[in-house]
Amino acid sequence: MITREEIANVLDQPVYDGDGNKIGDAKHVFFDDMTGRPEWVSVKTGMFGGAESFVPIRDAAMVQDHLEVPYGKDQVKGAPSVDVDAGGHLSETEEHRLYDYYGINWDSVLSEAERTDDGPAAAGTGTAGTAGAAGAAGAAGAAGLAGTTGAAGTAGGRTGREDAMRREGMRGDEAMTRSEEQMRIGVERHESGRARLRKYVVTEEVQQTVPITHEEVRVVREPITDANRDEALAGPEISEAEHEVTLHAERAVVETETVPVERVRMTTEELTENETVRGQVRKERIEAETESFTEGETKHPRDDKRRGGK
């Protein structure tokens, strides 16, 4: 169980389930009005802090630098969304919803509140007070990070409905606060595909024309002149003779060699495009109602409503 003195170590710390999965970060701690004990911790589970889930803190424990709760990550993220009023309180109805969701018996919560000596008992009531938000006034050892407790249940005969009406009605300055939801939009990066380079070998037919030469025999006859007469008469007068000439020719020879021709690599580039995101947000509207009275009437405008009038 987390004590009030440990609240400073809980806030803004990671929250893990029993299997070691991170659920989110602890944002607020809520105290039970009757016992004064930490009762709930709100955990930011959205990527941009837009989602916040409530988790019972009674069975949680600080383990080194994080808070560990005995509930699974999916269970916490699926917890019902609850409203916290302007005073930082959970209504009794909202607490009922959370206790039921986590399988905690409401009667056992009341019995524990009646037996505890850690905080003020709510006289004359059988219901637990609403939990107060972690905030301004510092609890002991919390360094001002965890704060005020909520209003004390239904003590003094005031019903939970009347207390809720008091919190949600007019303030001391007779003004209402109008709130609305705002949509926060972010982007997340995910894997959209893969590209790869693959090298393989193909065989192509290549044709090229090259000139080649060859030798052919041509008989040249020369007349006897004074210049060659001596060479012509050097041999026998009448004889048989033979003269041989070697002929040469070229032929095409094909050889291949491997040479580098280019280098190929892959790079990525980011392209930005606009995407329209749609969502729903809730807004509060405040309208004024007026009623007219006939001359001489002094009744309060709400009298007709109490009697079923419009």
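Along the sequence, the protein follows the pattern α-β-β-β-β-β-β-α-α-α-α-α-α. It contains seven helices and six strands. Helices (H or I, at least four residues) and strands (E, at least two) are DSSP runs, numbered from the N terminus. The model is predicted: local features need pLDDT of at least 70, side-chain atom pairs count only at pLDDT 80 or more, and totals for chains, interfaces and linings use all residues. Residues are numbered from 1 along each chain as its sequence is written, and side-chain values use heavy atoms, with hydrogens and water left out.

Of the 310 residues, 25% count as buried. Buried means under 20% relative accessible area, exposed over 50%, and partly exposed in between (1.4 Å probe, protein chains only). Contacts were defined by heavy atoms within 4.5 Å. Among contacts with a separation of 6 or more, 58% join residues 24 or more positions apart.

Strand 3 (residues 38–44) pairs with strand 4 in the antiparallel sense, over five bridges. Pairing requires that DSSP finds at least two bridges between two strands. Val 41 has Val 55, in strand 4, as its bridge partner. Strand 4 is mostly covered, with four of its five residues buried. In a regular strand, side chains alternate between the two faces of the sheet.

Glu 39 is placed in strand 3. Its relative accessibility is 7%, so Glu 39 counts as buried. Leaving out residues up to four places away in sequence, Glu 39 touches Phe 30, Phe 31, Asp 32, Val 55, Pro 56, Ile 57, Arg 58, Glu 95, Tyr 99 and Val 109. With Arg 58, the side chain of Glu 39 forms a polar contact of 3.2 Å. Such a contact is a pair of N or O atoms within 3.5 Å; within protein, one must be able to donate a hydrogen and the other to accept it, and residues adjacent in sequence count only if both atoms are side-chain atoms. Arg 58 lies in the loop between strand 4 (52–56) and strand 5 (61–63). Arg 58 is also buried, at 17% relative accessibility.

Glu 6 lies in the segment before helix 1 (7–10). At 26% relative accessibility, Glu 6 is partly exposed. Beyond its neighbours within four places in sequence, Glu 6 is in contact with Met 1 and Met 62. Glu 6 and Ala 61 are 55 residues apart in sequence, yet their C-alpha atoms are 9.8 Å apart. His 96 is located in helix 3 (residues 92–101). Its relative accessible area is 26%, so His 96 is partly exposed. Ten residues separate His 96 from Trp 106 in sequence, and the C-alpha to C-alpha distance is 7.1 Å.

Asp 12 has a phi of about 65° and is found between helix 1 and strand 1 (14–16). Asp 12 is exposed, at 60% relative accessibility. Gln 64 has a phi of about 55° and sits between strand 5 and strand 6 (66–68). Gln 64 is exposed, at 76% relative accessible area.
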